[in-house]
Amino acid sequence: MQSETVPRQTAWLRVVILAVAAFIFNTTEFVPVGLLSDIAESFSMQTVQVGWMLTIYAWVVALMSLPMMLLTRKIERKRLLTGLFVLFIASHILSVFSWNFSSLIASRIGIALAHAVFWSITASLAIRVAPAGKKTQALSMLATGTSLAMVLGLPLGRIIGQYMGWRMTFLIIAIGAIITMVCLMKLLPKLPSEHSGSLSSVPVLFRRPALVSLYILTACTVTANYTAYSYIEPFMQNVAHMGENFTTFLLLIFGAAGIIGSTLFSLLNHRYPAGLLIAAIGLISICMMLLFLAAPSPEWVSALCVIWGMAMMMIVLLLQIRVLALASDATDVATSLFSGIFNIGIGAGALIGNQVSLHLHVANVGYAGGAIGCLALVWCIFIFRRYPQLRSSS
């Protein structure tokens, strides 16, 4: 273990740089949520048509996470991370110079391929380089990088897009990725592939009913969340009739609440592992159901987004740590499946939100997301009763 042979300060610094990388990758995944209207205007398209880029990105990650992880499973991890960043940066440069929507989609597919491998290996790497006995804290720090993408990355990307054009947002992400890549190359030691699993691990994992049930819960919960969240920008502008600055503020507090959720996870996970997950799924469902009713009041919408963002971050961490516990013999395969299924949920949610917006009205995305969330809550309670090992996160 890296944490046994290096000073604790160095070990934590390695976790931090992985968290920064997580921030970069999550910023680029979600920043289009705040730029849909601007991108649509630049290509003379409707916002709901541009929304397809969220679904395509997510489903490329979903379909390619396992194949890409298997193709790269024997590559030394530091070298692999460097290669992923090269692809990531090159694809962002294509985004900056995209001449039509199709070329923008092509660039996003390149980014999604890098994303697919990155999230297949990062959680296990964070645990490997962390100080001994600090697995939960390392995952929490990784999650902090993720939530900061919501707190800083998404709102800042939206502000840059508003004032300097959405292409500049992608250029700045590329510059940040270059700096992060250099830091990774200097800070990380050689990390041979360990416990990555192989193709033969897949049927073994799928013969574990508790793990399969957890994957189903992940898909349902994430679908519920992104049915509403993917279209929060048009919802706030067309239903709540709030200005662009308020939408940016809302994205900011949603992400900031994720940091609170990450902190609560660290404090409460060992004491209430089952109750915490059930409560979090219930909270996001309630928040989405109340979204339309709260729309006329900035204060109520803001309060809902704080609770919603906090609960969603806890859900992600509580699900991920259970996957690692149930598949400690093939962590990379299990995590790549988790990442793929998570992105199936993102894509499905964006698609459902798109269809609700087109055929009903964007005002109903919260009701649709909340209904799916209620189904996820029922499934969660059922599998906790059926498989007692799921009640624990270790």
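**Notes on helix packing and selected residues**

1. Tyrosine 215 is located in helix H10. The model is a predicted one. With a relative accessibility of 4%, tyrosine 215 is classed as buried, because the cut-off for a buried residue is under 20%. Leaving aside residues up to four places away in sequence, the contacts of tyrosine 215 are Val323, Ala334, Leu337, Phe338 and Ile341. Threonine 180 stands 35 residues from tyrosine 215 in sequence, and their C-alpha atoms are 31 Å apart in space.

2. The largest nonpolar core deserves attention next. It holds 137 residues, and Leu217, Met236, Leu277 and Trp308 are those that touch the most other members. Helix H15, residues 298-326, supplies the largest share of this core, with 16 residues. In soluble globular proteins, nonpolar side chains tend to be buried together. For methionine 236, the contacts beyond four places in sequence are His241, Met242, Phe246, Thr247, Leu250 and Val301.

3. How do the axes of helices H13 and H15 cross? Helix H13 spans residues 273-289, and its axis comes within 8 Å of that of H15, at a crossing angle of roughly 140°. The two helices are therefore oblique to each other, since a pair counts as roughly antiparallel only over 145 degrees. The crossing of H13 past H15 is left-handed. On the H13 side the contact includes Leu277, Ala280, Ile281 and Ile284, and on the H15 side it includes Leu304, Trp308, Met312 and Arg322. By class, the residues of this contact are 19 nonpolar, no polar and 1 charged.

4. Helix H13 also packs with helix H17, residues 365-386, at an angle of about 165° and with the axes 7 Å apart. This angle makes H13 roughly antiparallel to H17. The crossing is left-handed. Among the contact residues of H13 are Ala274, Ile278, Gly282 and Ser285, while those of H17 include Gly366, Gly369, Gly370, Gly373 and Phe384.

5. H10 passes H13 in a left-handed crossing. Leu217, Thr221, Ala224, Asn225 and Ala228 of H10 meet Leu277, Ile281, Ile284 and Met288 of H13. The contact comprises 7 nonpolar, 2 polar and no charged residues.

6. Which residue has a positive phi although it is not a glycine? Serine 44 does, with a value of about 55°. Most residues other than glycine have a negative phi. Serine 44 is placed in the loop that runs between helix H2 (36-42) and helix H3 (47-50). Serine 44 is exposed, as its relative accessible area is 71%, and the cut-off for exposed is over 50%.

Note on methods. Residues numbered from 1 in each chain as written. Predicted model: local features only at pLDDT ≥ 70, side-chain atom pairs only at ≥ 80, totals over all residues. Heavy atoms only, no water. Helix = DSSP H or I, 4+ residues; strand = E, 2+ residues; numbered from the N terminus. Buried < 20%, exposed > 50% of the residue type's maximum accessible area, 1.4 Å probe, protein only. Core = buried A, V, L, I, M, F, W, Y, C linked by side-chain atoms within 4.5 Å. Contact = heavy atoms within 4.5 Å. Axes fitted to C-alpha atoms, helices over the stretch in contact; angles between N-to-C directions. Parallel < 35°, antiparallel > 145°, perpendicular 65-115°, else oblique. Left-handed = near helix turned anticlockwise from the far one by under 90°. Nonpolar A, V, L, I, M, F, W, Y, C, P; charged D, E, K, R; others polar.
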